[in-house]
Amino acid sequence: YVRSQTNASSRDRREAVEHRMHDLWPDAQVEDYSAEKETANGEFIETVRLKRGPLPAAGATARIEIFPGAAQDVDRVPLAHRKTAVVYSFPRLIRYQTTLKGIPQEVSAPEPRSISGDGWSVKTAYSRDGELIHASWELQLARARFDPEAFPELRKLWSAVSSTSSWDLSLSR
């Protein structure tokens, strides 16, 4: 879908990405955007570099999201009375790489996690370099079809996506 949007109008795609970033982080400024439509491996790579305003003030509620919007990249549908399969158009690899700058030394990053199931995996990794925290979140969805009997597996996937992509750093001191 994203590849076809970019092929139709790269300018429209860039504007859509910029609007999404502003929805996620209203005070952020998109500094750079690029899209590589087809790598040698057949991947589509979209890179957005943004600058966010100052870190939230210290205190119990001072937090910053690490992977804003990642969970929105995995479509979900109601399953309660569904009798037909949930089908994703294609297998996919979605990766978010985030670098947070200006993070005080006393703020620690979350522990890395790896969760997997039948045809999917989600993993996170973190490292610190002075005032920088480098973080990555990756979803590998090799399976594109979940028949009704596989809905418990689909729920596990959605839960893993939500629990790992919604992490934030507490900046309280």
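## Surface and overall make-up

The chain exposes about 10400 Å², and carbon and sulfur atoms supply 48% of that area. The model is a predicted one. Of the 173 residues in the chain, 32% count as buried.

Three helices and ten strands make up the secondary structure. Read from the N terminus, the order of elements is α-α-β-β-β-β-β-β-β-β-β-α-β. Among contacts in the chain with a separation of 6 or more, 67% come from residues 24 or more positions apart. Arg63 belongs to strand β3 (residues 63–65), and its relative accessibility of 40% is why Arg63 counts as partly exposed.

Strands β6 (residues 114–117) and β7 (residues 120–129) run antiparallel and are joined by four bridges.

## Nonpolar core

The largest nonpolar core has 33 residues, of which Trp137, Leu154 and Leu157 touch the most other members. Elements giving two or more residues to this core are β5 (92–101), β7, β8 (132–141) and α3 (151–165). Helix α3 gives the largest share, six residues.

Leaving aside residues up to four places away in sequence, Leu157 touches Trp120, Leu139, Leu141 and Phe146.

## Aromatic pairs and a charge over a ring

Three aromatic pairs are found in the whole structure. One of them, Phe67 with Tyr126, is tilted, with 6.3 Å centre to centre and 45° between the planes. Phe67 sits in the loop between β3 and β4 (86–87) and Tyr126 in strand β7, so this pair ties together parts 59 residues apart in sequence. Phe67 counts as buried because its relative accessibility is 1%; Tyr126, with a relative accessible area of 15%, is buried too.

Another pair is formed by Tyr96 and Trp137, whose ring centres are 5.8 Å apart; the planes are at 80°, so the pair is edge-to-face. Distant parts of the chain are linked here, since Tyr96 is in strand β5 and Trp137 in strand β8, 41 residues apart. Tyr96 and Trp137 are both buried. Trp137 is also among the core residues that touch the most other members.

Arg92 lies over the face of Phe90, at 4.3 Å from the ring centre.

Key. Residues numbered from 1 in each chain as written. Predicted model: local features only at pLDDT ≥ 70, side-chain atom pairs only at ≥ 80, totals over all residues. Heavy atoms only, no water. Buried < 20%, exposed > 50% of the residue type's maximum accessible area, 1.4 Å probe, protein only. Contact = heavy atoms within 4.5 Å. Areas by Shrake-Rupley, 256 points an atom, 1.4 Å probe, with all protein chains shown as cover. Pairing = 2+ DSSP bridges. Core = buried A, V, L, I, M, F, W, Y, C linked by side-chain atoms within 4.5 Å. Phe/Tyr/Trp six-rings, centres within 6.5 Å; stacked < 30°, edge-to-face > 60°. Lys NZ or Arg CZ within 6 Å of the ring centre and 35° of its normal.
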